[in-house]
Amino acid sequence: MTGPIVRISEDRGSLARGCILDSGALEQTVVAVQRRLGGAELLIVNKFGKRESEGKGLVPVIAEALHRGLPVLIGVNGLNLAAFLTFAGEDVCALPTNAPSVARWCKSMIRTEAA
C-alpha cells in the first residue's frame, strides 16, 4: 500500500485491443517485492499468469514467501491452473471467489502465522 505503482503492460494507446507485457517493468516489480518481503505478513499476487506459468515473473517471490512460511494468496485463471498446480504441489486451498471469504481467509492466516 505504501510502495510504488508500476504499470506492467505497455501503453498502446486508447484504440489498442489487448495488452502487451512490459517485461522490464515486471522485473522491476519482482525486485521491489523481494526487498519488502522481509516485513510482510502475507503475500498477495493478483494473477498467476503466462510468465509465472513459464517459471518466470513472480515465481521467485512466491517461492521465497512460501520458504519463509508466509501465507500466499494468488489469483489463477483456468488457462494457467494446470501450471499453477504443478508449481504449487498439493498444499493448495481453493477459496470462494467473493471478497468477504477471501478477506476472512487473509485475516485468519495472518493471525495463525503471528501466533
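Me: How are helices and strands assigned and numbered?

Reply: Helices (H or I, at least four residues) and strands (E, at least two) are DSSP runs, numbered from the N terminus. This is a predicted model, where local features need pLDDT of at least 70, side-chain atom pairs count only at pLDDT 80 or more, and totals for chains, interfaces and linings use all residues. Residues are numbered from 1 along each chain as its sequence is written, and side-chain values use heavy atoms, with hydrogens and water left out. Here the protein chain has five helices and two strands, in the order α-β-α-α-β-α-α from the N terminus.

Me: What share of the residues in the protein chain is buried?

Reply: Buried means under 20% relative accessible area (1.4 Å probe, protein chains only). In the protein chain, 24% of the 115 residues are buried.

Me: What is a pocket, and what volume does the largest pocket have?

Reply: On a 1 Å grid over the protein atoms alone, a pocket is an open set of points where a 1.4 Å probe fits, with protein on both sides within 12 Å along at least five of seven lines; lining residues have an atom within 4 Å of a point. The largest pocket has a volume of about 1100 Å³, counted as the space filled by probe spheres set on the points. It is lined by 29 residues, and Thr29, Val33, Ile44, Asn46 and Leu58 are the closest to its centre.

Me: Which element gives the most to that lining?

Reply: Helix 1 does, with five residues. Helix 1 (23-36), strand 1 (43-45) and helix 2 (50-53) each supply at least two lining residues.

Definitions and conventions. Buried means under 20% relative accessible area, exposed over 50%, partly exposed in between (1.4 Å probe, protein chains only).
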